[in-house]
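Me: I am new to reading protein structures and would like a close look at a single part. Could you walk me through how some neighbouring strands are put together?

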Amino acid sequence: MGRPQRCGKRGDALRCPAVADAWTLLTEDPRERAAFGSLAAVSALPASPAGPRNRLRDVLRLDTPLGVYFLKRFRRTQWKNRLRFAVTRPRAADDAGRECAVTLALRAAGHGAPRPVAVGRAGAAAYYLCAALPGRSLADALAHGVDGAMLQRAVRHAGCLLAAGFHLPDLSADHVFVAPDGGFAVLDLHNGALAGAGQPPTRLLRRVLRRCRASVRGIALTPRTALCCGARLLRAAGCPTAARRRLLAAQAPWSTARRYDAPGKSAAYAGRGATRHAREVRLLRRVWPGERGAAVLDLPCGAGRLWPLLTDTFGARALQADGSLAMLREAAAGHGGAPQALADALAMPFADRCVDGVVSFRFLHHLDRAASDRVIAECCRVARSFVVVSFFHPCSAHHLRRTVERWLGRPSQRHARTLGAIDASFAAHGFARAGCAADLPFARDLWVAAYTRAGGLS
């Protein structure tokens with residue numbers, strides 16, 4: 001294999017090999033066959049990243065005289081995917097081949113999907129080239145204003161695909177496209193599979209609901225609208241009424257703060273877990289990176305349990321903030337005169353670097369990965385110097401118990417992440433870990449970590 005050359009004009013694009021082990025053109029257009037005749041020819045075209053890289057995949061946008069195309073590179077195919085691709089339809093040797101096969105099956109059945117242009121391999125990496133879809137993603141369309149009729153049609157379309165045997169676990173508002181004529185198409189299909197028509201597996205439906213929820217978190221959908229969309233999708237997928245109710249009831253509340261606005265809920269939360277709270281305070285003492293007199297945002301503050309620690313022990317000038325008005329009232333009842341703000345941790349109404357530090361305690365485990373990354377990003381934006389967070393670690397007896405319960409059909413609303421994943425999320429915003437602590441690590445699941453802005457405040 002020849003020496004790799006940089007793909008596109010800028011250094012931030014992925015590197016493609018000059019020679020591919022295999023490269024198959026799927027287009028009959030002579031102009032495309034000339035322009036994309038080899039992986040080397042594709043790598044020479046001007047390109048730009050089409051989105052953030054992840055551990056196993058990159059996507060490039062190619063703006064050519066023939067139109068816009070996307071080149072997807074899978075660095076390697078995980079062993080579990082190789083096994084799944086070998087025993088489920090459509091058979092494929094790698095992620096690129098699977099995406100191509102699922103796409104062709106969708107198009108053959110009359111459904112919208114990106115037009116495949118070429119597929120290939122180079123060493124362990126697999127490549128897939130396709131033409132851009134016309135229109136825009138459903139998420140983008142909803143961000144410019146929620147069209148209820150369009151949303152209902154899109155949800156029904158997704159459900160019908162599932163019922164028709166197209167098992168697409170990554171269905172979400174980001175991966176459903178709205179065409180200029182009002183039709184719909186789907187993309188990002190490498191995790192898809194083909195099965196017989198009928199009710200999809202419950203595990204698949206649960207994942208689709210989770211992905212859909214994460215993809216519209218920043219869009220102004222009411223909880224009622226979101227619930228109706230979930231019910232419509234499940235109904236279109238052929239899910240019976242009783243199963244629909246169980247799946248929707250198992251979903252986490254649309255707003256983690258809303259649950260505490262129920263009568264008596266905030267008061268019950270304020271008085272629980274004194275022994276556990278004492279353990280958590282010890283962990284915070286071990287990692288606290290702030291200086292006395294620091295301005296600290298406690299979000300979500302809950303019933304204000306951290307107020308004595310922040311103000312008396314650490315000498316901080318603390319601001320209590322929470323998304324639940326009931327919890328703020330509970331905090332005010334226990335600590336009268338404390339400055340407070342009603343605020344959403346996923347979209348903080350504060351200026352950049354307006355406080356010295358941010359504490360987000362016993363919150364990230366309520367959120368999926370995308371939402372917790374968003375909270376971390378907001379904390380890093382608002383904090384001048386440091387951020388302290390708690391999270392649940394997946395390597396623990398507590399998490400193992402929840403995993404077993406999930407296998408038994410009792411899904412948990414708690415999410416776990418490794419310390420490395422939390423480190424990577426903070427590193428993306430210029431913060432480095434300053435310390436971490438755990439109470440009986442790998443037995444209990446709660447960890448606390450402190451991060452400071454790398455390179456000071458510049």
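Reply: Happy to! Strand 5, residues 57–64, pairs with strand 6, residues 67–74, in the antiparallel sense over eight bridges. A strand here is a DSSP run of E with at least two residues, a helix is a run of H or I with at least four residues, and both are numbered from the N terminus. Two strands pair if DSSP finds at least two bridges between them. Before going on, note that this is a predicted model, where local features need pLDDT of at least 70, side-chain atom pairs count only at pLDDT 80 or more, and totals for chains, interfaces and linings use all residues. Residues are numbered from 1 along each chain as its sequence is written, and side-chain values use heavy atoms, with hydrogens and water left out.

Back to our strands: two residues sit between strand 5 and strand 6, and the two strands form a hairpin. To find your place across the pair, look for Asp 58, which stands opposite Arg 73 of strand 6.

Now follow strand 6 to another partner. Strand 6 also pairs with strand 8, residues 125–131, again in the antiparallel sense, this time over six bridges.

His 175 counts as buried because its relative accessibility is 17%; buried means under 20% relative accessible area, exposed over 50%, and partly exposed in between, with a 1.4 Å probe and protein chains only.
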